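Please read these notes with the model open beside you.

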Amino acid sequence: MRSKKWSWVALVFAVALIAAACGDDDSSTTTSPDAPATTAASGGTETTAAAAEALRIAVVSPSSETDLAFTQSIVDAVNVIAAERGIPEENIDVTENMFNIDDAAAALRDYASQGFDLVIAHGSQYGGSLEEIAPDFPDVSFAWGTAADTKGLDNVFAYEAASDEGGYVLGVMAAALTESNIIGVVGPIEVGDAKLYVDGFVAGAEANNSGATVRVVYTDSFSDVALASEAAQAHVAAGADAMSGTAQMVVGAVSVANDEGVLWFGTQANQSSLGDIVVASQVYKWEVILRDILDNIDNGVLGGEIYVVDLENGGEVIEFNDAYDLPADVRQLAEDTIAGIIDGSISTGG
Amino acid sequence: MSDFFTEAILIATFASGVRLAVPLLLASLGETFGQRSGVLNLGVDGIMLLGAFGGYYTVLKTGNVWYGLIAGIGIGVLFGLLSALISVTLLAEQGISGIGVYLFGLGMSDLLFLKLVGTPTPISKFPKLDIPGLSDIPWLGGMFFQHSVIVYLAFALVPLSTFVINRTTFGMRIRSVGENPEAADSLGVSVAGVRWATVTIGGTLAGVAGATLAIDLGIFQQNLTNAQGFIAIALVYFGAWRPIGVMLGSLLYGFVNALVLQLKTLEVIPPDLSNFAAMAPAIITILALVIVARRFRQPTALTKPFTRGT
């Protein structure tokens, strides 16, 4: 009987750990251990008669397309591109919530075998799968991000974000607006895009206000909303009156910021809808690089290039929340910082 | 480290531990009823997720947190009944059927969120209730008596559950069905009826736990529970199938999580050790499980379907 009991305990913990681990599986993105769901992206408002001849684009991503973060940023970008190029809605397909890498690999292979022209593997954890799949489909172009490596494959583009740049600008703004001189950051896992953003934010805050204390907490989870909420509570208890954070779970932290009247600085997607305490957000505009990628495909180049979105090429923009009454001097400070990063006079330390 | 031993930080840390413990406490109390009668329901997390979405969506549409709580109760009852049908009447293997309920809840809550809401949108939260007289006690008042109403209700369920299980006829039937269903059946106790009731209680409290989590956070996101339902099941073992033990386990898990977060915030735990510190709640709970639960015997008929005459 005892062995039976402990086998149940082991099973329970195994499932709990698997579920938790899946939530933390992504090294640079937000994740959600959810059931797979395939949906057509909205957009591509004009359905042309030549739909069958138009480009077909597929996205495989680890979290929800409405996560106000990583996945939403690429889906929004594909929709922009579709509208620009008149790509009909039926030629765009998104498979979200692919926290499981094996499931993602199956989806990537499926899209390639269906003849999609561009298959976007939106998650750094998909690199290993892509290395196996892409050589089997030499006529299909793959885009993989965030990553700075095409794996030496001629039909793979890589893309990443210089998220430290936007982080730096937002850090400068936070340092200018804080009255307590204590700023809190809620991060997921200290790797990849999240670490780059957090490091940039801290550098910007410290550069603009040497008296400011910036405290960073990594919850070690991309998906634990409750823990992000409590991390924000801890920051508030420690005196923070301005906070930032990255990844899908930050909605919990923003909720605390709303309750406590603490300023919030967002990243990856525009988070202004979460409340008027959101001062500004760094937003990824992946369409900047998608345009180049599609132009390359039109010219017969299916991969081999590495792209970076940043403030200079417009792939990253700072979007201010109209509902927040931002002082003109801080707005100007942000604009000057953006200009300084673009012209190279300001280094983010990244 | 000296920053930690200030009134504000200590109060915040303990209060955080209590908040983190509440969904676990509600779900594990419910699961205690089921397990004491011999039914293991691994679908707790799925029911929590459905309760969380139902509660969230109801508050989003009505603005009334109590309607949200009622929605969580309704969903919990519904899926408790469904779980009972599968495990008790249809005699399905409890572990596998529970995983099925979990996966259904995971996928369905995600799908409904995507189709009905789309983008995370803030909602109202439970109102806070300062307990007169107690909330003014230095230190302790802020830690334990300045919470939302649902926190007090959750902890009030502990003595109530203890009373029901140990002091009532229904509780005696639960225990007898969990220990020796054949003997209980021979004495005229409806084994299936008792198990239907306990599994439904478990489902109800799981739904309440989910709704409480969503409404207390004021937001919903896919997989909001982040496997808390499975932790709750483990805490039933930790608590040796007793409500008071379950409460202590939930508080331990919540407090360790809160302590680690606060120490990381104050940089007492350096960022380099963040990953190791994050494992502390699970490791401590597992160690406690090993030490505590081995001293107690689980309900003899746990996980065993009952069929008269077999």
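**Notes on the two-chain model**

1. B:Trp139 counts as partly exposed, because its relative accessibility is 35% (buried is under 20% relative accessible area, exposed over 50%, partly exposed in between; 1.4 Å probe, protein chains only). B:Trp139 sits in the loop between β1 (128-130) and α5 (140-144) of chain B. Helices (H or I, at least four residues) and strands (E, at least two) are DSSP runs, numbered from the N terminus. Phi of B:Trp139 is near 65°, positive although the residue is not glycine. Most residues other than glycine have a negative phi, and most peptide bonds are trans.

2. On provenance: this is a predicted model, in which local features need pLDDT of at least 70, side-chain atom pairs count only at pLDDT 80 or more, and totals for chains, interfaces and linings use all residues. Residues are numbered from 1 along each chain as its sequence is written, chains are lettered from A and ligands numbered from 1 in the order in which they are written, and side-chain values use heavy atoms, with hydrogens and water left out.

3. Chain A has a second case of positive phi to check. A:Leu68, not a glycine, has phi near 55°. A:Leu68 lies in the loop between β2 (57-60) and α2 (70-85) of chain A. Is A:Leu68 buried or exposed? A:Leu68 counts as buried because its relative accessible area is 3%.

4. Check the peptide bond from A:Gly145 to A:Thr146 as well. That bond is cis, with omega near 0°. A:Thr146 is in the loop between β5 (141-145) and β6 (156-161) of chain A.

5. Now chain A as a whole. Its secondary structure comes to ten helices and 13 strands. Of its 350 residues, 64% count as buried. Contacts (heavy atoms within 4.5 Å) with a separation of 6 or more are 71% between residues 24 or more positions apart. The accessible surface of chain A is about 11500 Å², with 47% belonging to carbon and sulfur atoms. Accessible areas come from the Shrake-Rupley method with a 1.4 Å probe; for residues, only the protein chains shown count as cover.

6. B:His147 deserves a look. This residue is in strand β2 (residues 146-148) of chain B. B:His147 counts as buried because its relative accessibility is 3%. Its side chain reaches the backbone oxygen of B:Met143 at 2.8 Å. Leaving out residues up to four places away in sequence, B:His147 touches B:Ala15, B:Val18, B:Arg19, B:Lys128, B:Leu129 and B:Tyr152.

7. How many residues does each chain bring to the contact? Chain B gives 62 residues and chain A gives 56 residues. The buried area between them is about 4800 Å², 62% of it from carbon and sulfur atoms. That area is the accessible area (1.4 Å probe) that two parts lose on being put together, summed over both. In chain B, B:Asn226, B:Leu261 and B:Thr265 lose the most area to chain A, together 12% of what that side buries.

8. Between chain B and chain A the count is three salt bridges (a side-chain nitrogen of Lys or Arg within 4 Å of a carboxyl oxygen of Asp or Glu). B:Lys264 forms a salt bridge with A:Asp220, their closest N and O atoms being 3.0 Å apart. On the side of chain B that touches chain A, α4(B) gives the largest share, nine residues.

Notes: Polar contact = N/O pair within 3.5 Å; in protein donor to acceptor, adjacent residues only side chain to side chain.
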